[in-house]
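Please open the model in your viewer and keep the selection panel at hand. The stops below go from a pair of charged side chains to the sheet, the helices and the core.

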Amino acid sequence: MEAAVVIGVGGLGCAAAKALAQAGLRRLTLVDNDQVELSNLPRQLLYAESDLGRRKVDAAAERLEVLFPGLRVARVDATVGPEIGRAH
C-alpha cells in the first residue's frame with residue numbers, strides 16, 4: 001500500500017495512522033477539524049501535553065513524520081459528515 005486517508009485523528013484514528021505508517025505506508029492524509037484537549041491524552045497516543053490547543057492534524061502529522069522519516073503526511077482541516085458518498 002502506498003497511500004491512505006484517515007478520517008478523524010482521535011483514539012481510533014491515531015492508532016490507525018500509526019499502524020499504517022508502521023506497515024510502510026509512504027503517503028498519508030489526515031482529516032480532522034478538532035484541537036487537542038487534555039481529555040484526549042490518555043487514549044490518543046500521538047499527542048502530548050505540549051500539543052494542547054493545537055490542531056490534531058498538525059500535531060499528529062508532525063509526530064508521525066518524526067517517528068517514520070520516509071512518511072509524507074498531508075493535513076486537511078475539515079469535518080466529514082453523512083453527505084460524503086451521496087449521489088447528487
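Throughout this tour, buried means under 20% relative accessible area, exposed means over 50%, and partly exposed covers what is in between, with a 1.4 Å probe and protein chains only. The model is a predicted one, in which local features need pLDDT of at least 70 and side-chain atom pairs count only at pLDDT 80 or more, whereas totals for chains, interfaces and linings use all residues. Residues are numbered from 1 along each chain as its sequence is written, and side-chain values use heavy atoms, with hydrogens and water left out.

**Charged side chains**

Select R54 first: at 26% relative accessibility, R54 counts as partly exposed. A salt bridge here is a side-chain nitrogen of Lys or Arg within 4 Å of a carboxyl oxygen of Asp or Glu.

Next select R75, partly exposed at 33% relative accessibility, which forms a salt bridge with E62 at 3.9 Å between the closest N and O atoms. Because R75 lies in strand β3 (residues 72-76) and E62 in helix α2, this pair ties together parts that are 13 residues apart in sequence. Helices (H or I, at least four residues) and strands (E, at least two) are DSSP runs, numbered from the N terminus.

R75 also meets the side chain of E65 in a salt bridge, at 3.8 Å from N to O; since E65 too lies in α2, the pair joins parts that are 10 residues apart in sequence. Widening the selection to D51, R54, R55, D58, E62, R63, E65, R75 and D77 displays a network linked by salt bridges, and the structure holds 10 salt bridges.

**The sheet**

Now show the strands as a cartoon: an open sheet of 3 strands has the order β1-β2-β3, with parallel pairing, where two strands pair if DSSP finds at least two bridges between them. The edge strands are β1 and β3, each of which pairs on one side only. Between β1 and β2 there are 5 bridges, and A4 has L28 in β2 as its bridge partner. The pairing of β2 with β3 also runs over 5 bridges; along it, L28 stands opposite V73 and L30 has R75 as its bridge partner.

**The helices**

Turn to α1, which lies across β1 and β2 and runs at about 170 degrees to β1, and then to α2, which lies across β2 and β3 at about 180 degrees to β3. Axes are lines fitted to C-alpha atoms, for helices over the stretch in contact, and angles run from 0 to 180 degrees between N-to-C directions.

**The core**

Finally, select V9, L28, L30, Y47, L64 and L71, the residues with the most contacts inside the largest nonpolar core, which has 21 residues. Such a core is a set of buried Ala, Val, Leu, Ile, Met, Phe, Trp, Tyr and Cys residues joined through side-chain atoms within 4.5 Å. Two or more residues come from each of β1 (3-7), α1 (11-22), β2 (27-31) and α2 (56-67), and the largest share, 5 residues, comes from α2.

Which residues surround Y47 in contact, leaving aside its neighbours within four places in sequence? They are V9, C14, V36, L41, K56, A59, A60 and R63, contact meaning heavy atoms within 4.5 Å.
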